[in-house]
Amino acid sequence: VKAIELRPGNSKIVHHSLFFEDRSGTVAQYDAQTPEYGFDAFSSAFDISQVLLYDQYPGYVPGTKPLYYPEGLGQMLHAGSDLIMQMHYAPSSVDETDLSSVNIFFADEEEQVDRIVKDRIMLPDDLPGGFFNFTLSPEQVRSFHGTWTVNQPISLMGLSPHMHLLGTDWEVYIEKPDGTRENMISIPEWDFNWQGIYDFPALKHIPAGYKMHALCTYDNTSDNPSNPNDPPQWTSWGDLTGDEMYVLFFQYVPYLPGDENITMTTA
């Protein structure tokens, strides 16, 4: 797979979409239990959080163009697997319908794809104290600091931080063995309505032994005009906009000399 493109059928309500590969057939079994195409993940017994553990492809938010992988790079979509399209819709005061479509671009037969793009998602499991430490009490401003150690030399393609309405800032940097830092992305004023996938102009070499740091802050006080609750409520992880998330998506390939000269393009 060289690129995946979502074409929204109803741009008024399509908030964003995520794409995953399911090789187990689990999601198809839940889909078969409902007469309509697809199913509501929140009204079924399906554990939506387990999808985050599947192989993932670049997602869609309004305004983004699909990432097209450079020559020799691509992602795998195995024969017989299912492509999960997880659609999130914005609220509406009237009933709406949507008929979105997906285009999948495959490598030409003559292209030799010798490196498969890998994805990694930093979640609250990467935080001190683990997943269940990700909580926000009323009238609390709290910061979280997750880390991921690079165990093999990689070429990083880009980053996609994600949080909800209580989020105020994001910072991601690489710590070298000598303690010096290299900034990856800095969002000092987080805006939930303006987020996307931030691709580097060229592949970025991260040697083995370096450590990625992902820091962000949440404001669950009455002073936060974006707080969805008045008065503020105890908040933890959840898929609804009124819940919160700590997520950092990124993609990479094993490093080869010269990767620094490979530029990223959109389809």
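Lys 204 lies over the face of Phe 200, with 5.5 Å to the ring centre. That is a handy spot to begin a walk through this model, which is predicted.

**Aromatic rings**

A pair of aromatic rings is described by the distance of the centres and the angle of the planes. How many aromatic pairs does the count come to? The total is 11 aromatic pairs. Two of them are set out here.

| Ring pair | Arrangement | Centre to centre | Angle between planes |
|---|---|---|---|
| Phe 131 and Phe 132 | edge-to-face | 5.8 Å | 75° |
| Phe 134 and Phe 144 | tilted | 5.0 Å | 50° |

The pair of Phe 134 and Phe 144 links distant parts of the chain, 10 residues apart. Phe 134 sits in the loop between β9 (118–122) and β10 (135–136), while Phe 144 belongs to strand β11 (residues 140–149).

Phe 131 counts as partly exposed because its relative accessibility is 26%, and Phe 132 counts as exposed because its value is 76%.

**The nonpolar core**

In soluble globular proteins, nonpolar side chains tend to be buried together. Here the largest nonpolar core holds 37 residues. Which of its members touch the most other members? They are Leu 159, Trp 170, Met 212 and Tyr 246. Among the elements that give two or more residues to this core are β9, β11, β12 (154–162), β13 (167–175) and β15 (198–206). β18 (247–254) is also one of these elements, and β18 gives the most, with five residues.

Trp 170 has Ile 187 in β14 as its bridge partner. This is the Trp 170 already listed with the core members that touch the most others.

**Loops worth a look**

Pro 231 is found in the loop between β16 (211–220) and β17 (235–236). What kind of peptide bond joins Asp 230 and Pro 231? The bond is cis, with omega at about 5°.

Glu 139 is in the loop between β10 and β11. Its phi is positive, about 60°, although Glu 139 is not a glycine. Glu 139 counts as partly exposed because its relative accessibility is 46%.

Glu 111 has its place in the loop between β7 (101–105) and β8 (115–116). Why does Glu 111 count as buried? Glu 111 counts as buried because its relative accessibility is 13%, and the cut-off for buried is under 20%. Leaving aside residues up to four places away in sequence, Glu 111 touches Lys 2, Pro 70, Glu 71, Gly 72 and Leu 73.

Technical notes: Residues numbered from 1 in each chain as written. Predicted model: local features only at pLDDT ≥ 70, side-chain atom pairs only at ≥ 80, totals over all residues. Heavy atoms only, no water. Phe/Tyr/Trp six-rings, centres within 6.5 Å; stacked < 30°, edge-to-face > 60°. Buried < 20%, exposed > 50% of the residue type's maximum accessible area, 1.4 Å probe, protein only. Helix = DSSP H or I, 4+ residues; strand = E, 2+ residues; numbered from the N terminus. Lys NZ or Arg CZ within 6 Å of the ring centre and 35° of its normal. Core = buried A, V, L, I, M, F, W, Y, C linked by side-chain atoms within 4.5 Å. Pairing = 2+ DSSP bridges. Contact = heavy atoms within 4.5 Å.
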